[in-house]
Amino acid sequence: GLFMEKEPQLGWMLPQRERLQIKLLRIIKQLISFFSSKGRCKRVIALYEKARELDPLSEEYYRGLIRCHAALGNDGEALAIYESCQSILSATFDIKPSDKTRQLYKQIKTGDKEQLKRACEHCAHAAG
């Protein structure tokens, strides 16, 4: 959870909470890179999910999840994650996902697996 999230909100807590969250997300990104290089796709997915939980408005984590699930052949899950991203961005900011995120969606819908496999090469090898 968030730093001292169950405690009464004091002025000094928010900057500290944000600083710790940024630090944790940086560590998670390093772990994603490490486990991706080892082909540990389930671990990578778990890390992307944790990052998305901490920062639900960052498309970067949705794209990572979409790529991993698509490379593993879980197209339905990848599309559901896209829909989740689209919903939260629309509800929060009244915007659509970025071009990068929409491109991933199109690649899955059109069956362009080669490009997706290159984007998540280690996971694609683990699935095959």
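Which residues form a nonpolar patch on the surface? I looked this up and found L57, F93 and I95, which together have about 260 Å² of accessible area. I noted that this is a predicted model, in which local features need pLDDT of at least 70, side-chain atom pairs count only at pLDDT 80 or more, and totals for chains, interfaces and linings use all residues. I number residues from 1 along each chain as its sequence is written, and side-chain values use heavy atoms, with hydrogens and water left out.

**Entry: the patch.** I wrote down the rule for patches, which are made of residues with over 30% relative accessible area and no salt bridge, like charges being joined within 9 Å and nonpolar side chains (Val, Leu, Ile, Met, Phe, Trp, Tyr) within 5 Å. A salt bridge is a side-chain nitrogen of Lys or Arg within 4 Å of a carboxyl oxygen of Asp or Glu, and accessible areas come from the Shrake-Rupley method with a 1.4 Å probe, where for residues only the protein chains shown count as cover. I then located L57 in the loop between α2 (41-54) and α3 (59-71), helices being DSSP runs (H or I, at least four residues) numbered from the N terminus. L57 has a relative accessible area of 35% and is therefore partly exposed, since buried means under 20%, exposed over 50%, and partly exposed in between.

**Entry: the core.** Of its 23 residues, I28, I32, V44, Y48 and I66 touch the most other members. The elements giving two or more residues to this core are α1 (13-37), α2, α3, α4 (75-93) and α5 (99-110). Leaving aside neighbours within four places in sequence, I found V44 in contact (heavy atoms within 4.5 Å) with I32, F35, S36 and C68.

**Entry: the aromatic pairs.** I counted 2 aromatic pairs, taking rings of Phe, Tyr and Trp (its six-membered ring) as paired if their centres lie within 6.5 Å, with planes under 30 degrees apart stacked, over 60 edge-to-face and the rest tilted. The rings of F34 and F35 have centres 5.1 Å apart and planes at 75 degrees, so this pair is edge-to-face. The rings of Y82 and Y105, with centres 4.2 Å apart and planes at 25 degrees, are therefore stacked. This pair links distant parts of the chain, Y82 being in helix α4 and Y105 in helix α5, 23 residues apart.

Note on methods: Buried < 20%, exposed > 50% of the residue type's maximum accessible area, 1.4 Å probe, protein only. Core = buried A, V, L, I, M, F, W, Y, C linked by side-chain atoms within 4.5 Å.
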